[in-house]
Amino acid sequence: MIKIAPSILSADFANLQRDIEAISTADYVHVDVMDGLFVPNITIGIPVVKSIRPVTDLPLDVHLMIDRPVRYVEQFCDAGADIVTCHVEADTEENIREAIEKIHARGKRAGVVVKPRTPGSAVLPFIDKVDLILVMTVEPGFGGQKFMADMMPKVAQIRTYIDALNPDCELEVDGGVDPVTARVCVASGANVLVAGSSVYKAPDIEARIRELRG
Ligand code: DX5
Ligand code: ZN
């Protein structure tokens, strides 16, 4: 089954509860955390995760676009994250491994993320230890960017790794996903679709979530 993870980066932060309730038919709430260092933008952090935890029953899928995430993963777990993903580019292999272990020790799901210029093989050191792999289909940092169709061979490559090495692992894509590009992602092997602007700019959010699911 295809899962939809609307990104609240495109929500109205002054009406976050309303905008999270509006996506109750989705599967995950995607939370984009940026530190102004790993990416050239600053968004939301631990207190906001804590505040939104009680307003939804959906799992919180927390995408950490921060430098050396091992420093903060436990705090995000304790704030209510259900899935915590770390960029493989954000620290050494050893420290990313330690971050995954810390997330699992808190009873939460852990994932790794690859930026567009990072090869698919970069997930191999972690593939048997993670519950989710996220492939960026835009440069991380901002919502509303154009979908990079040239990431699809990487999605397909990671799908073959997952099927061979960890079939329960989810494969997520993030960036520029709309009802048209969603089909391309699914055809390449993705099963979780993050969508920010295409969900929140839609005239009918529920209908858009159904459309994305296909
Ligand atoms: C980008 C974020 C995405 C972003 C997606 O750095 O990781 O989750 O919100 O937004 P859209 O769907 O508008 O490209
Ligand atoms: Zn994201």
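**Group meeting: the zinc site and its surroundings**

Along the chain, the donors of the zinc ion (ligand 2) follow the spacing H-x1-D-x30-H-x110-D. Donors here are N, O and S atoms within 2.8 Å of the metal, or 3.2 Å for Na, K and Ca; water is not among the atoms, so sites may look incomplete.

Before going on, some notes. This is a predicted model, in which local features need pLDDT of at least 70 and side-chain atom pairs count only at pLDDT 80 or more, while totals for chains, interfaces and linings use all residues. Residues are numbered from 1 along each chain as its sequence is written, chains are lettered from A and ligands numbered from 1 in the order in which they are written, and side-chain values use heavy atoms, with hydrogens and water left out.

Back to the zinc ion (ligand 2). Its protein donors are His 30 (NE2), Asp 32 (OD), His 63 (ND1) and Asp 174 (OD), at 2.0 to 2.3 Å. His 30 sits in strand 2 (residues 29-34) and His 63 in strand 3 (residues 60-65), so this pair ties together parts that are 33 residues apart in sequence. Strands are DSSP runs of E, at least two residues, and helices are runs of H or I, at least four, both numbered from the N terminus.

Why is the arrangement octahedral? The six donor atoms around the zinc ion (ligand 2) subtend angles of 70 to 169°. Six donors count as octahedral if opposite ones are over 155 degrees apart and all others between 65 and 115.

Buried means under 20% relative accessible area, exposed over 50%, and partly exposed in between, with a 1.4 Å probe and protein chains only.

Next, ligand 1. A polar side-chain atom of Asp 32 lies 2.7 Å from an oxygen atom of ligand 1. Backbone N or O atoms also approach oxygen atoms of ligand 1: one of Gly 176 at 2.8 Å and one of Gly 196 at 2.7 Å. The protein covers 99% of the 380 Å² of accessible area that ligand 1 has on its own; such areas come from the Shrake-Rupley method with a 1.4 Å probe, and for residues only the protein chains shown count as cover.

Last, Thr 181, found in helix 6 (residues 179-188). Thr 181 counts as buried, at 11% relative accessibility. A polar atom of its side chain lies 3.0 Å from the backbone oxygen of Gly 176.

Terms used:
Tetrahedral: all angles 85-135°; square planar, octahedral: opposite > 155°, others 65-115°. Polar contact = N/O pair within 3.5 Å; in protein donor to acceptor, adjacent residues only side chain to side chain.
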